Amino acid sequence: MHEIPASAKTVIIGGGIVGCSTAYHLARISKGDVVLLERKKLTSGSTFHAAGLVGQLRSNANITQLLGYSVDLYNSIEEETGLSTGWKMNGGLRLACTKDRWTEVRRQATTAHSFGLEMELLTPKEAQELWPLMNMDDVVGAAFMPTDGQANPSDITQALARGARMAGAQIFEDTRAIDLAIHQGKIRAVLTQHGRIACENVVVCAGLWTRQFAKRFGVNVPLVAMEHQFMVTEPIAQMPKNLPTLRDPDRLTYYKEETGGLVMGGYEPNPITWGTKGIPKGFHFNLLESNFDHFEQLMELSLTRVPSLETAGIKTLTNGPESFTPDGNFIIGEAPELKNFFVGAGFNAFGIAAGGGAGMALAQWVDKGEPPFDLWSADIRRFGTPHFDDDWIIKRTREAYSKHYTMDWPLEEHSTGRPFRTSPLFDILKEQGACFGEKLGWERPNWFADKTLGETAKDIYSYAQPNWFNAVAREHRAVRETAALFDQTSFAKFSLTGPDALKALNWIAANDIERPVGSLIYTQMLNDNGGIECDLTVARVAADEFYIVTGTGFATHNFNWIEKNIPPDCQCELKDITDSMGVLSLMGPRARDILLRVTTDDISHAGFKFATLKTITIANCQVKALRVTYVGELGWELHFPIKHAKNIYMALKKAGADFGLIDAGYRAIESCRLEKGYRAWGADIGPDHTPLECGLGWALKLKSEEPFKGRLAIEAQEKSGIKKRMAGFSINDPGVALYGRETIYRNGKRVGWLTSGGFGHTLNRPIGYGFIRNQNGVDKSFVESGSYELEVASEMIKCRVHLGPLWDPKMERVKC
């Protein structure tokens, strides 16, 4: 073994496919100043026993792009390095055996088209021509993606490792990372069994070991190892060459050809966790004992699909631990708890498919401090309070594993680990008929069932009109015609205080924060490319105190973004005060009438203008009242010490009884915001999109000379023009269901996809939002001069385009 270097800019821990891919890409960026440490041998964790299927399509465009990058890399790495990879682009076939599954597959085909992938819908007969070994008696249809394939995981990893060495990276096997040297919150070195390596960055791609290693340094990586089994048969007579990979989700199984036989595995509904009390010492190149009894349920499902398996000899039944996560997405990015500590782990058995792209993304993240494109759905900062609880993580991850091949219903909620975090009104709202959803551990009312109408507070999922449709319509009408009360206690809430709080916020925020005390400012916070990292509301409570409100699911991300971008010369303190404050939002044309019955403070329009806050008294409680709306009607967010929640709620409900006040949930909020054209971060807007592209240029302080993060990029874009623009779309047929990812066509040419979709109950029609793209520029004339269609579940439907809101209480219905 060569002597380890005294220093390196970046040390990567873990020699599986993701670690080697990161080394491969980072060595090219940093001219070889990279060291990779592997405790045993390359691929000896979980890479060596992976099944090796490579599929590209995911529900997120950028994750699909990342997997597509893997395919491109695997197509070229063999020629570059001279090492065989076992990569075959033999295509991937997906079956549908029920009417609902066929709808899902047709929507997946539309998603593929949206993201620029070829995906063909096939009849059962056409599918069988591609995969003649299968019985098609129950098959309704299938989809084929020609650019999917399969690979040998160990061979690809070795090729990436050779490519990394060729670029100057140093790789050390049998070298365990024992500890990190950290001084004043900064990583100084990695300590190994063979010595110390001074470094600036650490990238942990340690698979099963990542959680326990990261935990030692205060970094939370919520993953769980699961036993995952697949069998390999002896050669099968008349096995076709270049057989596509096959996924049969209704039977929970997958297949690929291997040396004339078949690999068959799947995702059972009752998975078995492994290593929850710790990973055995010396575990490497190890497999678990084959569990034939547990695998039998998948074997029975596969025999009717592939009858030849009944007589095929079984060569092996591989049982290896794989890392899975609570939401089924992998974990990537810089840890919010420790600067320059990066993670790439928890790949949910698609690490081979993701490995090439994940390594590319991690390398760029380390080099530039941000990913190459928005990876929010995989970002480590998507986690929060419940993800520190081992029991919760295990329960939720088992559920996510068991749903790997079940129907992917729109708006489906998880059921395990609940309730975890609740508002003081939880029991009261439950009694009122609330059907709860969950976000970052918080129980939140999605809609309310009316027992007098025979409604039950339980979601029944569907790709057509769901069972909550009428209840949400009822709540929506209350918002538009009378008033509705929303429990939004789960909002993430921060305080920023100190003599330099204004200076710090005015740098981080794109809108002007230097406004009088009592002002309420809607603002974005931008990255250096002008992309939207945060979308939130800032209330100026005092000269040196600000109250910041943002979405429930963005608590960790937004806190981290603000904290790390406070200039070093600014003296101020950021605190998360979410758990101490309750929120009730009173919205609707009768909101002022109701509020007048519970407070003596001046809440007239003249005395309490839009985008301001005042402290008022309700039920003898001091309340921060924020005049703001996300539903497009008169209203207030009422923020108060959480102990007062019940008293304030009861006072409002009593006062509103004569005005038709009802409880309402988040699905009504979504319906209303779609009509008003409000954007949703994480869906419509995010780090890849600038305010100019999103129609939010009015919220930029460009008329002032005040510098702010991202300003240079925005000014440059103002001069060059935008190449994509967000627009709204509506369809006259109320029977069409929009959920997002439907393809947008302008004059017959694909120009984008819907980022969000739903139903506008006031307008009685489906509504969606998405970016219209054109490399030669997109202005108002370009948008409005086109003729538009949406591809919905592989069918073309005419639609109208809108650059303004479809509903405004001042103008009421906008022409659709």
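Buried means under 20% relative accessible area, exposed means over 50%, and partly exposed is in between (1.4 Å probe, protein chains only). I wrote that down before looking anything up.

**Ground rules.** This is a predicted model, where local features need pLDDT of at least 70 and side-chain atom pairs count only at pLDDT 80 or more, while totals for chains, interfaces and linings use all residues. Residues are numbered from 1 along each chain as its sequence is written, and side-chain values use heavy atoms, leaving out hydrogens and water.

**Salt bridges.** I looked for salt bridges (a side-chain nitrogen of Lys or Arg within 4 Å of a carboxyl oxygen of Asp or Glu). The count came to 40.

I began with Arg-396, which forms a salt bridge with Glu-399, the closest N and O atoms being 3.7 Å apart. Both sit in helix H9, three residues apart, so about one helical turn separates them. Arg-396 is buried at 3% relative accessibility, and Glu-399 is buried at 7%.

Arg-396 also meets Glu-438 in a salt bridge, at 3.1 Å from N to O. Arg-396 is in helix H9 and Glu-438 in strand E21 (residues 434-439), so this pair ties together parts that are 42 residues apart in sequence. Are Arg-396 and Glu-438 buried or exposed? I found both of them buried. A network of salt bridges links Arg-396, Glu-399, Lys-403, Glu-412 and Glu-438.

Next I checked Asp-174, whose salt bridge with Lys-41 has its closest N and O atoms 2.6 Å apart. Asp-174 lies in the loop between strands E8 (170-172) and E9 (177-183) and Lys-41 in the loop between E2 and E3, so the pair ties together parts 133 residues apart in sequence. Asp-174 is partly exposed at 33%, and Lys-41 is partly exposed at 34%.

**Two loop residues.** Ser-46 is in the loop between strand E2 (34-37) and strand E3 (53-54). It counts as buried because its relative accessibility is 18%. I then looked up contacts (heavy atoms within 4.5 Å). Apart from neighbours within four places in sequence, Ser-46 is in contact with Pro-321 and Glu-322.

Gly-553 is in the loop between strand E27 (545-550) and helix H13 (555-565). Gly-553 counts as buried because its relative accessibility is 15%. Which residues does Gly-553 touch, not counting residues up to four places away in sequence? I noted Trp-376, Arg-382, Lys-439 and Leu-440.

Most residues other than glycine have a negative phi, and most peptide bonds are trans.

- Asn-620 has a positive phi of about 65 degrees; I found Asn-620 in the loop between strand E30 (613-618) and strand E31 (621-626), exposed at 78%.
- Arg-418 and Pro-419 are joined by a cis peptide bond, with omega about -5 degrees; Pro-419 lies in the loop between helix H9 (390-402) and helix H10 (426-431).

**Last stop.** I also looked up Lys-339, in the loop between strand E19 (331-334) and strand E20 (341-345). Lys-339 is exposed, with a relative accessible area of 56%.

Terms used. Helices (H or I, at least four residues) and strands (E, at least two) are DSSP runs, numbered from the N terminus.
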